[in-house]
Amino acid sequence: MQIGITGLGRMGGNIARRLMKAGHDCVVFDVDAKLRAALAKDGAEAVGSLAELVQALEERPRAIWLMLPSGRVTEEAVEQLGGLLQANDIVIDGGNSFYKDDIRRAKTLAGRHIRYVDCGTSGGVWGIERGYCMMIGGPEEAVDRLDPIFSALAPGLGDIPRTPDRTQGDARAERGYIHAGPSGAGHFVKMVHNGIEYGIMQAYAEGFDILRNKDSKDLPENERFTLNMPDIAEVWRRGSVISSWLLDLGAAALAKDPKLKDFSGFVQDSGEGRWTIEAALEEAVAADVLSTALYARFRSRQEHTFGEKMLSAMRFGFGGHVEGSEPTDPKPKPKAPQGQPITRHAAR
């Protein structure tokens with residue numbers, strides 16, 4: 001099958017390579033000429049613009065996969081393609097767009113009889129080897145038309161044991177991809193997937209932090225342990241109920257650098273964690289773990305938060321504690337607050 005791909009970064013380029021390896025023809029475009037040249041060397045037909053990409057696709061209806069950053073870049077690409085494509089052509093957004101944007105875009109393109117498919121794509125830089133888990137939204141006929149593409153990108157059955165008693169349901173799920181529902185459903189499922197990912201990662205991070213600090217001088221000497229982080233990560237990978245691919249990645253990092261000296265501790269968020277919490281609020285669903293995991297990422301970007309300053313101020317207020325200066329700092333201490341204590345009010 002012939003497909004156009006725009007956005008040839010870490011995932012987009014590897015998606016094209018995996019498809020070509022499976023025998024599909026890829027026409028590719030990226031604003032970075034070096035990325036285009038690299039894909040051309042690997043067997044793709046590289047072009048210099050979105051307009052040229054559309055023109056180069058001979059197989060009808062045409063299908064163009066976008067692997068671009070969410071937001072303005074994707075918005076502009078979809079708008080431009082809406083003016084270039086014809087009836088029954090398909091636009092696939094494989095990035096991390098907000099699902100409500102998908103619903104709006106699909107409605108706009110449907111007015112021009114262009115079909116829109118949103119594909120939540122998980123697999124990262126390892127997808128070229130392991131395959132990509134995909135959660136797809138859009139019109140059924142468009143998704144079915146693209147099945148050879150999705151099938152080639154998916155991991156397949158592999159060596160994962162089949163789920164006991166699973167005798168019904170979409171067989172594609174066992175191969176690593178599903179048609180989740182109408183436009184927006186694919187990215188919605190992927191959004192929640194990423195929210196869960198935040199929570200799992202935070203649980204590992206906190207657990208290893210507790211293990212690492214078991215030799216703290218604040219503990220009684222007979223309760224201090226110097227624990228081997230790489231060995232603990234490794235043994236948990238082997239038969240433990242908390243084994244996972246994320247733990248595999250953590251174990252690999254610890255094996256290379258047990259103190260993780262090359263990592264700053266600054267943790268970015270892609271936006272999907274925030275959208276997941278927004279969805280939970282809209283649905284009145286409690287999401288304690290996912291919310292905390294998101295806030296922990298915000299916290300990682302600051303040395304000292306305003307909240308910590310508030311804690312310090314309150315500790316001084318009720319106990320005269322001067323953070324960081326006791327007992328050796330010769331500087332004068334702030335004066336204790338004057339006046340009456342705050343009165344307690346009855347519950348309201």
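**Exercise 1.** Find which residues Phe150 is in contact with, leaving aside neighbours within four places in sequence.

*Solution.* Start with the ground rules: this is a predicted model, where local features need pLDDT of at least 70, side-chain atom pairs count only at pLDDT 80 or more, and totals for chains, interfaces and linings use all residues. Residues are numbered from 1 along each chain as its sequence is written, and side-chain values use heavy atoms, with hydrogens and water left out.

Next, search for contacts (heavy atoms within 4.5 Å). Phe150 picks up Trp65, Val117, Cys119, Met134, Ile136, Val143 and Tyr177.

Then zoom out to nonpolar cores, meaning sets of buried Ala, Val, Leu, Ile, Met, Phe, Trp, Tyr and Cys residues joined through side-chain atoms within 4.5 Å. The largest has 31 residues, and Phe150 is among those touching the most other members, along with Ile5, Trp65 and Met134. A second, separate core of 20 residues includes Val54, Leu81, Ala106 and Leu109.

**Exercise 2.** Is Tyr177 buried or exposed, and what does Tyr177 touch beyond four places in sequence?

*Solution.* First, accessibility: buried means under 20% relative accessible area, exposed over 50%, partly exposed in between (1.4 Å probe, protein chains only). Tyr177 is at 2%, so it's buried.

Now list the partners: Met134, Ile136, Asp147, Phe150, Ser151, Ala154 and Arg172. For Ile136, 41 residues away along the chain, the C-alpha separation from Tyr177 is 7.5 Å.

**Exercise 3.** Work out how exposed Trp245 is.

*Solution.* Its relative accessible area is 30%, so Trp245 counts as partly exposed.
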